[in-house]
Amino acid sequence: MSTRNLPTPPPEGPAETPVEPPTEIDRATPPATGTDEAAATTNSPPAQPEPQPTQIHTVYRDIFTLVANKAIDKDWSGLTMLAELYDLRTEHEADASRLLLTTPLVLSYLILDDIPPARFALTRLPPPLLHHPLTEKLFNLLASTSERNYPQVYVRAIALSDALSEDADLSIFGPSMVKSFTSSFRHRTFNLISKAYTSIPMSLAESYLGLPRDDLLPTVTRHKWKYEPTTDILTPARPQNTSARHIQEVVSGPSTLLTFDVVTNGVALLES
């Protein structure tokens with residue numbers, strides 16, 4: 001019998017262990033390596049967040065609610081009296097919370113057009129607060145108001161209002177106080193123009209009052225000013241003021257000491 005076409009028998013040896021297919025758990029979990037095990041043992045706990053600085057409890061924060069109420073009620077004289085009293089306290093005078101008192105104090109004085117105490121309230125701040133961004137904006141507004149730099153007053157008032165809007169505490173009443181200042185400053189300027197000018201170009205009135213033409217015309221019309229479109233000139237309504245007529249009568253005569261007194265008083269009236 002020929003054996004050429006018979007299959008070759010398998011080699012003798014130990015029987016192979018059958019390989020089982022991997023289970024779902026085996027497929028989902030990668031095998032651990034030595035590196036992974038070392039990393040797991042050396043992992044440090046997550047870093048803790050740095051503690052926030054504790055807010056200092058100061059007299060300025062204690063009085064802030066009362067100051068805010070005065071500002072909301074527009075009691076400017078009462079606010080200045082209250083703030084001046086507590087501004088004398090010096091326990092934490094260099095702390096930034098002092099600006100919670102100084103800011104409404106200065107703005108109240110500016111609303112009342114009382115420049116010297118407003119300046120003094122700022123200049124008595126200690127050096128760390130003199131260069132605070134909010135202090136600088138208050139100084140800028142004070143300087144423009146004192147110099148009667150009319151266009152800059154309105155620009156700097158807007159800058160201060162924007163800064164106060166970003167402060168968590170002063171945003172409660174700060175922008176409203178700036179608005180009250182702008183309104184009072186514009187009212188005084190309007191009265192001064194009415195007394196000092198017989199006619200004024202529209203562009204100059206816009207600069208003095210910080211209002212665009214579209215807002216200015218309805219305002220002056222309500223006060224019986226006349227507007228000439230061809231010349232772009234405004235004519236203020238003449239105030240019925242017996243003191244003004246008295247000045248004119250005296251000045252038209254010879255100069256005397258009485259003339260000097262009347263003119264001096266008349267100039268003071270223009271700013272009243």
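Helix 6 and helix 11 cross in a left-handed way, where left-handed means that the near helix is turned anticlockwise from the far one by less than a right angle, and right-handed that it is turned clockwise. On the helix 6 side the contact (heavy atoms within 4.5 Å) involves Pro104, Leu107, Ser108, Leu110 and Ile111, and on the helix 11 side Gly174, Met177, Val178, Ser180, Phe181, Ser184 and Arg188. Sorted by type, these residues come out as seven nonpolar, four polar and one charged. Here Ala, Val, Leu, Ile, Met, Phe, Trp, Tyr, Cys and Pro count as nonpolar, Asp, Glu, Lys and Arg as charged, and the others, Gly among them, as polar.

Now for the geometry of that pair. The axes of helix 6 (residues 99-111) and helix 11 (residues 174-196) come within 9 Å and cross at roughly 20 degrees, which makes helix 6 roughly parallel to helix 11. The axes are lines fitted to C-alpha atoms, for helices over the stretch in contact, with angles from 0 to 180 degrees between N-to-C directions. Angles under 35 degrees count as roughly parallel, over 145 as roughly antiparallel, 65 to 115 as roughly perpendicular and the rest as oblique.

A word on the ground rules: this is a predicted model, so local features need pLDDT of at least 70 and side-chain atom pairs count only at pLDDT 80 or more, while totals for chains, interfaces and linings use all residues. Residues are numbered from 1 along each chain as its sequence is written, and side-chain values use heavy atoms, with hydrogens and water left out.

Stepping back, the chain has 15 helices and three strands; these are DSSP runs numbered from the N terminus, helices being H or I of at least four residues and strands E of at least two. Of its 272 residues, 31% are buried, where buried means under 20% relative accessible area, exposed over 50% and partly exposed in between (1.4 Å probe, protein chains only). Among contacts with a separation of 6 or more, 62% link residues 24 or more positions apart.

Next, look at helix 9 (residues 133-147) and helix 10, whose axes come within 9 Å and cross at roughly 160 degrees. The two are therefore roughly antiparallel to each other, and this crossing is left-handed.

Leaving out residues up to four places away in sequence, serine 161 touches Pro175 and Val178.

Strand 2 pairs with strand 3 (residues 233-235) over three bridges, in the antiparallel sense, and glutamate 228 has isoleucine 233 of strand 3 as its bridge partner.

In the loop between strand 2 and strand 3 sits aspartate 232, which counts as partly exposed because its relative accessibility is 22%. Setting aside neighbours within four places in sequence, aspartate 232 contacts Pro201, Met202, Arg213 and Tyr227. Aspartate 232 and proline 201 are 31 residues apart in sequence, yet 6.1 Å apart in space, C-alpha to C-alpha.

Terms used: Pairing = 2+ DSSP bridges.
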